[in-house]
Amino acid sequence: MKRRRSIRWFSLLCALTLATGAGAQQVVFVQGHSETLFRGRIVDSLTREPLPAAVISLVSKNSFDQTTVRNFVTDTLGYFRFECPAGPHNRIEATFLGYRPKTVYLATDEPERNLGDIPMAQSVEKIDEVVVRARLQMYRMKGDTTIYLPRAVNTMKDDKMIEILRHMPGVEVTEDGNVTILGQPVERTYVNQKLLFGEDPAVAIRQLEAREVASIEAYDEVDEADAVKHGKNARKRKVLNVVTFKKFAKSLTAKGLVAAGSDLRRNVDGDLPARYRVSGEAGSYSEALQIAASGQTNNLTQPGSTPYATYRASNADASVSGKKDAHKYGASYRYAGFVSEQLRHSQSDYFPTSYFTSQRERDTTRRDNRSDEHSFQGNYTYQTEKTLLVTSLTGAISNGSDFEELLQATDRDGAPLSATRRSSRSKSDSHTIRWQLSASRTLPNDNRLSLFGGLSYTDRQSRGLSYESRRSEEGTTLLDQSTFAPAPDRNFWGELSYGFSLGDAGNLSFSAAANYTGWTKRRLVTDRLTGAVDAARSENALDNTTTWSPKASYFLQHGRHQLSAMFEYVLEQRDYADRQRNIAYDRLFHHLTGALRYTLRQARSSFDVYASTMYKPLWAQDFSSRIDDTAPLNLKAGNPLLRPEKTHDLRLEFEQIHRSTSFGASLGCTLHDDPVIYRRTYFEQATPLPRYDDFEAPAGSTLRTPENGPKYLSAHASVKYKTRIAPLRLFFTAEGGYRYANPQTLLYDRSGRAHNHAADLEVGLTTNFSPQLRIGLHSVTSAQWERGLGIRSRLLNQHVKANLQWDITPGLFFATDYTWLHIASPTLGDTDSHLLNLSLGYRILKERGRIALNAYDLLNRYAAVTSSQSLQSVSYYWTRMGSNYFTVSFEFRFNIRQ
């Protein structure tokens, strides 16, 4: 505040000095008897913000045609007032740094005249000068509306609007354009109060260029669809209104990119594989109709996003949406094709037990995959003040093939224990159809009736064949093959709701819902030599889940306060039948769930309290009483007597904005009732298991089975901080979190409480030196440590990324990013990975085109290592990457605003 006041008073002093100096140079000072009192205010033409310390120059002529100039200065609220003789040639000229001069003529015979608000337009060419010299505020408040000011951020030529929001306090932005403000997601984006880019709020954020944006307004508005259900107590959603320098009612966009290159290292055949990417997108957007299409194909692999040795992907999208009066409609189509080859190595080091001193498991997996999917969606909405009807139809057709080869070896106490080799091929075809309908109607007594329902059906035609051979330390060998058969899935649901209006006291509604899901899995395992069926590993299972749930809900929206409550009784019927093993059982579960939430949302802060009692539905594999030996030494089986876990949560969240700084904190705890824990049983020798049709567990293997454990507590806490360091022209973000849990742990022949700790710290720095240079630094540190059953384990991951963007000249640009990944473990030691990418290019065709040379993974030192840990073992995973390559690219884009 002191700094801002100092700048303001310094500006006033400079303006007064200028006014005094200009007054000293006047040619003639005329005193007239007929003078008019003029008053008014100087404001920004777009945001209507007052402009303090603007210089008002009064230019007038006397009867001798002599010109006089008198200067005035607006006050801190932009107001001015002065007296001058009446005359047809008298005028004022308003000037303000970063704005175009404004001239207003004062011809009048009235004794007093109010000029009102005099708007001044920003000078786009001088915005950067204003940012550097004045350290402009990042936002201002106008009632409950937050107005973000883009001129406080230095944006580069190719930046989109998303870059402006990324630096604003209290705003979180994902890479795909989803925005959250003070914990509340943005659900709509208007452009000059028009919904030009459709219902998806991220489209406008991705399409608008940063230099087009004059200001961004964030405020709450009533959700008109929810208003049909809750009347005046309807919930409010967060929306953005983007004010642009140039007003337009239609936007035409197009973008195309072609890139070609090759690897920088030769493959096993001595060749340099080619690399390419071709993409394009086009769209026409207006308030009544939005049409968009895009497509791309490429074989570029990049660590972290495409962890494959070879990779080729293609996709195409097309969509149309619009509205007319009370009708809204939309349709979309998407194609996705994928071909990949993945090679992965893993290693698991087990902690010492009473059965062994050391055990290490290593495997190599090669997987080739191909898939194609076509999907479509159509939707229709009819909405009036009292009626809401929404229906949609979705369909998908997919097919694919898969080849996998696994080599696995296990050593115990330095000696070979077992070896496994498996190869499998499969093909699949799938057809899915899904339809849903939602209808709401306001009744004459201001009560409301709602209906929601739908159905989904999937027909999976999966066929496959796998071969497997195993060898144990006793010298026994297993040869088998598996086949997979078609299996359909079904899902039906429906809900009927009736709501009562309680006036200012809120809304109360009662509903009844039903849901049915049918899941099928078929697998036949036979001996390759004798043809005998392995019943323990074969499966022909049908799992049906049917739920009935009456529910009562309460909702109140009163100003900035929001209160909601929900209580639901769930009756769940689970039917499981395995025809292959002649096993069938029924389970009936009763659950009482509820949630209570209070939210206080103010313009610069939000406070949220949430409490709930829920249950976690069990997975089908948790019920299954068959052995899953996909990993031969890590066997899995279900438990037909398992009960669902219930959780009781309490969470508090707070976030506040102060000037250019935002701060947030959250605190929560969860009580786990009937938690699902896993018992691990170790087999020193090959052991038949009568419970599982005499399946023989290999020597050195571990069988994991679920069961219900005693209650335990988990807690978490996190803080986040974001600020602008104006003297250094830096944006700083920091976020840290801590999690703790003490569940009951079962490990071999021991049981006890475990103490699991995890901590994360994320720090980011971004420079804001000028529109020509941006430097960023981002660091993520995560640590895990566990203690229990006499075992201590710890793991540390460090991920640091630095990037630089530099416009060397108006046409020449350079970009680079460097990534360092460090893993510290007591068993594997320290592992480091390095990744360096470079790009050098030039803008052509009036900056609509770009040609660039791009190099990826120049250092060729990216290890692609990930890790995980438990009280049983520490595991590491290496993935072979094909990322050391270069491309030459050409990109062209244009935006036409009409």
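Guide: Buried means under 20% relative accessible area, exposed means over 50%, and partly exposed is in between. Keep that in mind for this model, which is predicted.

Visitor: Which residues form the nonpolar patch on the surface?

Guide: Leu-455 is one of them, and the others are Tyr-333, Phe-376, Leu-393, Ile-433, Trp-435, Tyr-457 and Phe-492. Together they have about 680 Å² of accessible area.

Visitor: Which elements give two or more residues to the nonpolar patch?

Guide: Those are strand E22 (415-442) and strand E23 (448-472).

Visitor: Where is Asp-325 found?

Guide: Look in the loop between strand E18 (310-324) and strand E19 (327-350).

Visitor: Is Asp-325 buried or exposed?

Guide: Its relative accessible area is 74%, so Asp-325 is exposed.

Visitor: What is the phi of Asp-674?

Guide: Asp-674 has a positive phi of about 55°, and it is not a glycine. Its place is in the loop between strand E34 (661-673) and strand E35 (676-682).

Visitor: Is Asp-674 buried or exposed?

Guide: Asp-674 is buried, because its relative accessible area is 16%, and the cut-off for buried is under 20%.

Definitions and conventions: Residues numbered from 1 in each chain as written. Predicted model: local features only at pLDDT ≥ 70, side-chain atom pairs only at ≥ 80, totals over all residues. Heavy atoms only, no water. Patch = residues over 30% accessible without salt bridge, like charges linked within 9 Å, V, L, I, M, F, W, Y side chains within 5 Å. Areas by Shrake-Rupley, 256 points an atom, 1.4 Å probe, with all protein chains shown as cover. Salt bridge = Lys/Arg side-chain N within 4 Å of Asp/Glu carboxyl O. Helix = DSSP H or I, 4+ residues; strand = E, 2+ residues; numbered from the N terminus. Buried < 20%, exposed > 50% of the residue type's maximum accessible area, 1.4 Å probe, protein only.
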